[in-house]
Amino acid sequence: MNRIELLPAIDVTGGRAVRLSCGVVDDRSWADPAEVARSFEEAGARWVHLVDLDRAFGRGNNDELLARVMSQVNVAIQLSGGIVSRADMEAALGAGSDRVNIATQALDDLDAVRDAIDAFGPRVSVCLDVRGERLAARGTSREGGNVWEVLSALNEAGVARLVVTDVTRDGQMRGANLELLARVADATDACIVASGGVNSLADIAALRRLGIEGAIVGKALYQGAFTLSQALAVAGDEEHQ
């Protein structure tokens, strides 16, 4: 069975790392994002999923801070949060991220997304934030197109990687939506990174059995449901066996 790549998440707003539940910041969850990133590196992470919540919600950005965080760790960075334009992507990649996530909101302009896929190839992932059968921006009630119609268009564009989130489970510790992930995996040749709801080591094992590339883990780590070292062992990381 193949190893699944784990990406511990750091959500940043106002220059601090926070925890989210369905897009809402949990109280008393503030921390230094650089310290959190270093702790993940020390625990053995190969990737960190770094999210600019302020950019995602259109209330400014943490660009300078996140560039400093990326320069202070020796792990690969997947940068996310409100990245919708070609300029956003170029800036994010230029700041030191290894991969950027194109926000679900960008799928309103599929031609622009196709251009980004052509320009950046596997260095861009496309986010599919899903509620039921529709795309949905996290933290809002806004809905987009039909998931399967959009996925078909992305397949035609040659998308290399998808970050798939059931927004009703994001930060809720309810377990990953395995059915949704399996359906997406059956409908695309792109690599898949699961996001939202991972709550246990058994959940990680189940995701690994699906054969997908990776999984973003957040609240379960912060709440102590498991350690990153334990999670990496279940994910098949030989250094943690």
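Reader: Which residues line the largest cavity?

Author: Rolling a probe the size of a water molecule over the atoms shows where empty space is left. Here the lining of the largest cavity is made by Val 164, Thr 165, Asp 166, Ala 176, Asn 177, Leu 180, Leu 181, Ala 194, Ser 195, Gly 196 and Val 198. On a 1 Å grid over the protein atoms alone, a cavity is a set of points where a 1.4 Å probe fits but cannot get out, and lining residues have an atom within 4 Å of a point. The model is predicted: local features need pLDDT of at least 70 and side-chain atom pairs pLDDT 80 or more, while totals for chains, interfaces and linings use all residues. Residues are numbered from 1 along each chain as its sequence is written, and side-chain values use heavy atoms, without hydrogens and water.

Reader: How many cavities of 30 Å³ or more does a search of the whole structure find, and what volume has the largest cavity?

Author: The search finds 1 cavity of that kind, and the volume of the largest cavity is about 50 Å³ (the space filled by probe spheres set on the points, which are joined across faces, edges and corners).

Reader: Which elements give two or more residues to the lining of the largest cavity?

Author: They are strand E11 (161–166), helix H7 and strand E12 (191–195). Helices (H or I, at least four residues) and strands (E, at least two) are DSSP runs, numbered from the N terminus. E11 supplies the largest share of this lining, 3 residues. By class, the lining of the largest cavity holds 6 nonpolar, 4 polar and 1 charged residues (Ala, Val, Leu, Ile, Met, Phe, Trp, Tyr, Cys and Pro are nonpolar, Asp, Glu, Lys and Arg charged, the others, Gly among them, polar).

Reader: What is the volume of the second largest pocket?

Author: A pocket is an open set with protein on both sides within 12 Å along at least five of seven lines. The second largest pocket has about 210 Å³. It is lined by 14 residues, and Arg 55, Asp 63, Leu 79, Ala 91 and Ala 92 are the closest to its centre. Helix H3 (63–71), strand E6 (76–80) and helix H4 (86–94) each give two or more residues to this lining, and H3 gives the most, with 4 residues. The lining of the second largest pocket has 8 nonpolar, 2 polar and 4 charged residues.

Reader: At what angle do H7 and H8 pack?

Author: Two packed helices are described by the angle between their axes and the distance between the axes. H7 (residues 178–187) and H8 (residues 201–210) pack at about 15 degrees, with their axes 10 Å apart. That makes H7 roughly parallel to H8 (angles under 35 degrees). Leu 178, Leu 181 and Ala 182 in H7 meet Ala 206, Leu 207 and Leu 210 in H8 (heavy atoms within 4.5 Å). This contact of H7 with H8 has 6 nonpolar, no polar and no charged residues.

Reader: Where does H6 touch H7?

Author: H6 and H7 pack at about 35 degrees, with axes 11 Å apart. Trp 148, Leu 151 and Asn 155 of H6 make the contact with Leu 180, Arg 183, Val 184 and Ala 187 of H7. By class, the contact of H6 with H7 has 5 nonpolar, 1 polar and 1 charged residues.

Reader: Which residues of H5 meet H6?

Author: Leu 110, Val 113, Arg 114, Ile 117 and Asp 118 in H5 meet Val 150, Ala 153, Leu 154 and Ala 157 in H6. The residues of this contact of H5 with H6 divide into 7 nonpolar, no polar and 2 charged.

Note on methods. Axes fitted to C-alpha atoms, helices over the stretch in contact; angles between N-to-C directions. Parallel < 35°, antiparallel > 145°, perpendicular 65-115°, else oblique.
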